[in-house]
Amino acid sequence: MAKKEVPSSIKDEALVTKRRNQMIKGAVTLFIEKGFHKTTTREIAKASGFSIGTLYEYIRTKEDVLFLVCDSIYQRVKERMEASIDPRETTIQSLVHAIRSYYQLMDDMQDEVLVMYQEVKSLPRDAQDYVLQKEREMVSMLEEVIRNSLSNSQSEQQVQLLANNIFVQGQMWGFRRWILQRQFTIQSYTDLQIQLLLEGLGEYEPFKGGA
């Protein structure tokens with residue numbers, strides 16, 4: 001699916017990127033505090049450090065800002081996962097490393113991820129489809145590392161379910177933080193999730209001590 005383009009009247013691409021990054025940062029803070037619908041474009045402009053007139057040189061609607069937030073989050077997730085996953089690796093350690101990196105990213109970006117899932121329904125249908133396709137790409141990356149790291153005893157259906165479980169468990173750290181973070185650090189949460197996963201796969205004993 002082609003990337004949805006957000007029109008801008010500014011032709012300087014470097015400046016567009018700079019201003020939109022300012023918007024994303026300001027909007028995330030506001031969306032966390034007030035929610036998407038209660039936040040005004042004037043408030044986004046103020047939080048971004050420029051006027052409402054300047055804001056509309058870079059976007060058309062408030063939904064454009066939400067789309068930029070969602071797209072930025074997935075791009076950061078993709079870059080971090082690509083940096084942590086080596087498709088040439090075929091060991092359990094590579095799967096553990098990928099999970100650790102992904103969970104740490106979910107800890108680093110828990111506010112952004114929470115905003116995205118709360119507000120993505122406010123996007124137009126084509127933008128929703130694009131964002132959801134980005135999520136499918138992230139899950140596919142986990143599927144690849146699972147196939148490379150485990151024996152061939154897993155069916156394709158099992159691989160897909162494992163990848164989705166890992167993906168959602170990472171997000172759960174932010175979604176359920178009000179209770180989980182009373183009981184766990186991100187380190188202990190990750191350690192236990194990895195242990196349960198490897199035990200379920202019958203892989204924990206030979207890997208014990210390295211998880």
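In which helix is Lys134 found? Lys134 lies in helix 7, which spans residues 125-149; helices here are DSSP runs of H or I with at least four residues, numbered from the N terminus. The model is predicted, so local features need pLDDT of at least 70 and side-chain atom pairs count only at pLDDT 80 or more, while totals for chains, interfaces and linings use all residues. Residues are numbered from 1 along each chain as its sequence is written, and side-chain values use heavy atoms, without hydrogens and water.

Lys134 is buried, meaning under 20% relative accessible area with a 1.4 Å probe and protein chains only. Lys134 has no salt bridge, a term for a side-chain nitrogen of Lys or Arg within 4 Å of a carboxyl oxygen of Asp or Glu. The nearest side chain of opposite charge, Asp71, is 4.2 Å away. Leaving out residues up to four places away in sequence, Lys134 touches Asp71, Tyr74 and Gln75, where contact means heavy atoms within 4.5 Å.

The largest nonpolar core has 63 residues. Such a core is a set of buried Ala, Val, Leu, Ile, Met, Phe, Trp, Tyr and Cys residues joined through side-chain atoms within 4.5 Å. Helix 4 gives the most to this core, with 10 residues. Ile146 and Ile166 have the most contacts inside the core. Beyond four places in sequence, Ile146 is in contact with Leu95, Val159, Leu162, Ala163 and Ile166.

Leu201 belongs to helix 10 (residues 186-201).

Notes. Helices (H or I, at least four residues) and strands (E, at least two) are DSSP runs, numbered from the N terminus. Buried means under 20% relative accessible area, exposed over 50%, partly exposed in between (1.4 Å probe, protein chains only). Lys and Arg count as positive and Asp and Glu as negative; His and the chain ends are not counted.
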